[in-house]
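Come along while I look things up, one entry at a time.

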Amino acid sequence: MANITEKNAKILDFDYQLQQQDEAFPTLQLLNNDGKLIDEETFQQADISDEDLIAIMQRMILSRQLDIRSTKLAKQGRFGFFAPTAGQEASQMASSYAFKDEDWLFPGYRDIPEIIVKGWPIWKAILWSRGHVKGNEMTTEDGQPVNAWMPQIIIGAQYVEAAGTALGLKKRKQDAVAYAYTGDGGSSQGDFYEGINFASAYKANAVFFVQNNGYAISTPRKLQTAAQHLAAKGWASGLPSMVVDGNDPLAMYLATKKARAWTVAGNGPVLIETLTNRLEPHSTAGDDPLRYRDQSDIDDWWKREPLIRMRQFMTEKGIWDENKEQAYVDEVNALIDDQIKIADNIEKQKISDFIKNTLEVPSQAMQEQIEKFESEGK
């Protein structure tokens, strides 16, 4: 009687329930803020070579330089919409390194770097930001398909798209998964719940990321939901879910590698909440982060950003130094320079082109408009 009484007491103790929720999601971390390896045994599970570490570091540098250059271009009026990525390099680039070319990426608008490392040319990413139709061509420089969807503007909608593709991969018995990224704000959307619930119900091949970067535009995470951990939302749909230090490249790679292996084996999807921070404005469309957060908070997160950790770790291993990093930064910037020139030289779209691209077969009214604008050279 005492045991059942104690069990029932806990069920009816709401404070106890909240405590249990908090304790159920410890944060996976391998590198501390100073770049020191704090769990050698778990790190060995990653089975990651020095070459892999260098490749991940290069991906993160590529992302940072794209962020710097894109922001400058936007300020010059030479870029379209851009959502800064500084601070989220480990969350995005270390995780994406654990996937394969045959896996399908479903990105949000802040996830341009993940598409680029799958082979999408930077010049097409620039055109996408400008609203050019060629920016929606998900192909490599030589015309080969890139297994990625276009960056999703509708918050959270990529979760539904990923769930459908993940089920298709499972039904076709393919050794591939669909993986999707959204932010903490995306986890408040209906599409988020529908996507993870559908994928879970059918044990589809999916890995879902919630990049908890602190703010959904100007709304802090603490005002979006009373959930103590966003990963807990995955439990509601029956998904194995975890919280990972999103500024720790090693933890992000290991968590993603384990999640991919689990889901591709037919066990169903996994949800990963990454604890990171958006260090810059939400977008280049006039957002001022100092209207809703303190500079001291931003400065503190800059001290914990992922490139610092990875740089320190690799330098101590003897596989990285300032000269190697600067050489790669120069290489990336030369590439970006060339890609900007390509984008600038693509023929500008005309009004008639926009109408032609709206429907595969234009309506009679649209065809009349096309002919009108073409006759005017527009």
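**Entry 1: a pair of rings.** A reminder to myself before I start: this is a predicted model. I began with Phe 79 and Phe 82, and I found both of them buried. The two rings form an aromatic pair with centres 5.7 Å apart and 85 degrees between the planes, which is edge-to-face. I then asked how many aromatic pairs a search of the whole structure finds. The search gives 14.

**Entry 2: a second pair.** Next I looked at Tyr 159 and Phe 192. Their ring centres are 5.1 Å apart and their planes stand at 35 degrees, so I noted this pair as tilted. Tyr 159 sits in helix 8 (residues 157-171) and Phe 192 in helix 9 (residues 190-201), so the pair ties together parts that are 33 residues apart in sequence. Are these two buried or exposed? Tyr 159 has 0% relative accessibility and therefore counts as buried. Phe 192 is also at 0%, so I wrote "buried" for Phe 192 as well.

**Entry 3: the cavity.** The structure holds one cavity of 30 Å³ or more. I noted a volume of about 210 Å³ for the largest cavity. Its lining has 22 residues, and Leu 66, Ser 70, Phe 79, Phe 82 and Ile 112 lie nearest the centre. Which elements give two or more residues to this lining? They are helix 4, helix 6 (112-116) and helix 7 (122-130). Helix 4 gives the most, with six residues. Sorted by class, the cavity lining has 15 nonpolar, four polar and three charged residues.

**Entry 4: helix 4 itself.** With that helix already on the page, I checked its length. Helix 4 covers residues 50-75, and at 1.5 Å a residue its 26 residues should span 38 Å; the end C-alpha atoms are 38 Å apart, so the two figures agree. Just after helix 4 I came to Gly 77, which takes a positive phi of about 80 degrees.

**Entry 5: Val 207 and what it touches.** I moved on to strand 4 (residues 206-212), where Val 207 has its place. Val 207 counts as buried because its relative accessibility is 0%. What does Val 207 contact, leaving aside its neighbours within four places in sequence? I listed Phe 99, Ala 178, Tyr 179, Ala 180, Ala 259, Arg 260, Thr 263, Val 270 and Ile 272.

Entry 6: Val 207 and Arg 260 are 53 residues apart along the chain, yet their C-alpha atoms are separated by 6.7 Å. I found Arg 260 in helix 12 (residues 249-267). Is this arginine buried or exposed? Arg 260 is buried, because its relative accessible area is 6% and the cut-off for buried is under 20%. With neighbours within four places set aside, Arg 260 is in contact with Ala 98, Phe 99, Lys 100, Asp 103, Asp 175, Ala 176, Val 177 and Val 207.

Entry 7: Then I looked for an open space. The largest pocket has a volume of about 310 Å³. I counted 22 lining residues, with Tyr 109, Arg 110, Ile 155, Thr 182 and Gly 183 nearest the centre. Strand 3 (178-183) and strand 5 (215-216) are the elements that give two or more residues to this lining. By class, the pocket lining has six nonpolar, 12 polar and four charged residues.

**Entry 8: two loop residues.** Ile 217 has a positive phi of about 60 degrees and is found in the loop between strand 5 and strand 6 (219-220). Lys 203 is at 44% relative accessibility, so I put it down as partly exposed. Ile 217 is also at 44% and counts as partly exposed.

Definitions and conventions: Residues numbered from 1 in each chain as written. Predicted model: local features only at pLDDT ≥ 70, side-chain atom pairs only at ≥ 80, totals over all residues. Heavy atoms only, no water. 1 Å grid on protein atoms, 1.4 Å probe; cavity = no way out; pocket = protein on both sides within 12 Å on 5 of 7 lines; lining within 4 Å. Points joined across faces, edges and corners; volume = space filled by probe spheres on them. Helix = DSSP H or I, 4+ residues; strand = E, 2+ residues; numbered from the N terminus. Nonpolar A, V, L, I, M, F, W, Y, C, P; charged D, E, K, R; others polar. Buried < 20%, exposed > 50% of the residue type's maximum accessible area, 1.4 Å probe, protein only. Contact = heavy atoms within 4.5 Å. Expected span 1.5 Å × (residues − 1). Phe/Tyr/Trp six-rings, centres within 6.5 Å; stacked < 30°, edge-to-face > 60°.
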